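Student: Could you walk me through this model while I have it open? I would like to go from the whole chain down to single residues.

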Amino acid sequence: MVKRHEDLFRALADPTRRTVFEILRDGPRSVAELAGELPVSRPAVSQHLKALKAAGLVREKPHGARRFYEIDPEGLRSDDGRQAGIRVAESAGVLLIGDS
């Protein structure tokens, strides 16, 4: 489980990725929608989503010609199947990860 938490910390270490993760808490978004809410380009958003997806935090769902990204609830589960509590306290710059 330590390795899993390291992967989560690494994926969410970047402030832009944390912001993307926070935005996705409100529901699925396309790359274009995310880019409209962030001060970065669409290609940069795609790279951040790739890192979040590799960590198992985000999944993509095709819808016609577009792809929508959402938080992957399975990626937030710990090895024993319990839901890992992940909260980002952006104002404090703190990432809290623990089992709930």
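Student: What share of the contacts between residues at least 6 apart in sequence join residues at least 24 apart?
Tutor: In the protein chain that share is 44%, where contact means heavy atoms within 4.5 Å. Please keep in mind that this is a predicted model, in which local features need pLDDT of at least 70 and side-chain atom pairs count only at pLDDT 80 or more, while totals for chains, interfaces and linings use all residues. Residues are numbered from 1 along each chain as its sequence is written, and side-chain values use heavy atoms, with hydrogens and water left out.

Student: And how many helices and strands are there?
Tutor: The protein chain has 4 helices and 5 strands, taken as DSSP runs numbered from the N terminus, with helices being H or I of at least four residues and strands E of at least two. Reading from the N terminus, the order of elements is α-α-β-α-α-β-β-β-β.

Student: What is the strand order in the open sheet?
Tutor: The open sheet of 3 strands is ordered β1-β3-β2, and the pairing is antiparallel; two strands pair if DSSP finds at least two bridges between them. Because β1 (29-30) and β2 (58-63) are at the edges with a single partner strand each, one side of each has no neighbour in the sheet.

Student: How many bridges join β1 to β3, and how many join β2 to β3?
Tutor: Between β1 and β3 (residues 66-71) there are 2 bridges, with Arg29 having Tyr69 in β3 as its bridge partner. Between β2 and β3 there are 6 bridges, and here Lys61 stands opposite Phe68 in β3. β2 and β3 also form a hairpin with 2 residues between them, and Gly64 in that turn has a positive phi of about 65°.

Student: Switching to helices, at what angle do α2 and α4 cross?
Tutor: The axes of α2 and α4 (residues 42-54) cross at roughly 75° and come within 10 Å of each other, the axes being lines fitted to C-alpha atoms, for helices over the stretch in contact, with angles from 0 to 180 degrees between N-to-C directions. The two helices are therefore roughly perpendicular, a label that covers 65 to 115 degrees.

Student: Which residues make that contact?
Tutor: From α2 they are Thr16, Arg17, Val20, Phe21 and Leu24, and from α4 they are His48, Leu49, Ala51 and Leu52. By class, the residues of this contact comprise 6 nonpolar, 2 polar and 1 charged, where Ala, Val, Leu, Ile, Met, Phe, Trp, Tyr, Cys and Pro count as nonpolar, Asp, Glu, Lys and Arg as charged, and the others, Gly among them, as polar.

Student: Back to β1: is Ser30 buried or exposed?
Tutor: Ser30, which lies in strand β1, is buried, because its relative accessible area is 3% and buried means under 20% (1.4 Å probe, protein chains only). Setting aside neighbours within four places in sequence, Ser30 is in contact with Arg66, Arg67 and Phe68.

Student: What about Asp72, where is that found?
Tutor: Asp72 sits in the loop between β3 and β4 (84-89), and with a relative accessible area of 16% Asp72 is buried. Beyond neighbours within four places in sequence, Asp72 is in contact with Gly56, Leu57, Val58 and Arg59.

Student: And what percentage of the chain is buried?
Tutor: Buried residues make up 40% of the 100 residues in the protein chain.

Note on methods
Angles under 35 degrees count as roughly parallel, over 145 as roughly antiparallel, 65 to 115 as roughly perpendicular and the rest as oblique. Buried means under 20% relative accessible area, exposed over 50%, partly exposed in between (1.4 Å probe, protein chains only).
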